[in-house]
Amino acid sequence: MSDVQTWIKDTVTNTPVVLFMKGTAQFPQCGFSGRAIQILKACGVDNIATVNVLEDPEVRQGIKDYSNWPTVPQLYVNGEFIGGTDIMNEMYASGELQAMFPKNA
């Protein structure tokens, strides 16, 4: 496993909620990343760890390889890959996403 893959694995397994995205929670740099942050905040998640994939091309490609998912953003909860913004939208609409987070996440 490469250093980037090891770092990604450590990050997703040791961080309860992590979003690999373009930009930051405070300054998303694409509409999908912005929407992903909005959804998480609507779920009451305050401690969102984010990784700006625009800062490192190896991480940007590495997360796609790690999840076998071609796009960013990518949400991980308790080490589990949830999906991108489209899946987050569907899960939020059904109430499934909100159920993943304790009230004081």
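**Figure 1. The β3–β4 hairpin of a predicted model.** Strands β3 and β4 form a hairpin with two residues between them, and N78 in the turn has a positive phi of about 50°. Helices (H or I, at least four residues) and strands (E, at least two) are DSSP runs, numbered from the N terminus. Three bridges join β3 to β4 (residues 80–83), and the two strands run antiparallel. Two strands pair if DSSP finds at least two bridges between them. L75 stands opposite G83 in β4. Residues are numbered from 1 along each chain as its sequence is written. This is a predicted model, in which local features need pLDDT of at least 70, side-chain atom pairs count only at pLDDT 80 or more, and totals for chains, interfaces and linings use all residues; side-chain values use heavy atoms, with hydrogens and water left out.

**Figure 2. Strand β3 and its neighbour β1.** β1 and β3 run antiparallel and are joined by four bridges. The bridge partner of F20 in β3 is Q74. Q74 and Y76 point one way from β3, while L75 and V77 point the other way; all are buried. Buried means under 20% relative accessible area, exposed over 50%, and partly exposed in between (1.4 Å probe, protein chains only).

Figure 3. Four strands form an open sheet in the order β2-β1-β3-β4, and the pairing is mixed. β2 and β4 are the edge strands, each pairing on one side only. From one strand to the next, the twist averages 25°. Helix α1 (residues 3–14) packs on the sheet and touches β1, β2 and β3; its direction makes about 140° with that of β1. Contact means heavy atoms within 4.5 Å. Axes are lines fitted to C-alpha atoms, for helices over the stretch in contact, and angles run from 0 to 180 degrees between N-to-C directions.

**Figure 4. Helix α2 and what covers it.** α2 lies across β1, β2 and β3, running at about 165° to β1. At 1.5 Å a residue, the 12 residues of α2 (residues 31–42) should span 16 Å, and the end C-alpha atoms are 16 Å apart, which agrees. The expected span is 1.5 Å times one less than the number of residues in the helix. The buried residues in α2 are S33, G34, A36, I37, I39 and L40. Their cover includes β1 (17–21), β2 (49–52), β3 (74–77) and α4 (85–94). Just after α2, G44 takes a positive phi of about 85°.

**Figure 5. L54 in the loop between β2 and α3.** L54 lies in the loop between β2 and α3 (57–67). With a relative accessible area of 36%, L54 is partly exposed. Not counting residues up to four places away in sequence, L54 touches K22, G23, Q29 and R60. The C-alpha atoms of L54 and F32 are separated by 14 Å, and the two residues are 22 residues apart along the chain.

**Figure 6. The aromatic cluster.** W7, F20, Y66, W69, Y76 and F81 form one aromatic cluster. Rings of Phe, Tyr and Trp (its six-membered ring) pair if their centres lie within 6.5 Å; planes under 30 degrees apart count as stacked, over 60 as edge-to-face and the rest as tilted. By this rule the count comes to five aromatic pairs. Y66 and Y76 form a tilted pair, at 6.1 Å centre to centre and 55° between the planes. This pair links distant parts of the chain, with Y66 in helix α3 and Y76 in strand β3, 10 residues apart. Y66 is partly exposed, with a relative accessible area of 28%, whereas Y76 counts as buried at 1% relative accessibility. The rings of W69 and F81 have their centres 5.5 Å apart and their planes at 65°, so this pair is edge-to-face. W69 lies in the loop between α3 and β3 and F81 in strand β4, so the pair ties together parts that are 12 residues apart in sequence. W69 counts as partly exposed at 24% relative accessibility, and F81 is partly exposed with a relative accessible area of 24%.

**Figure 7. Confidence of the model.** The protein averages a pLDDT of 94, and 95% of the residues score at least 70. pLDDT is the predictor's confidence in each residue, from 0 to 100. Among the elements of the protein, β3 has the highest mean pLDDT (98) and α1 the lowest (96).
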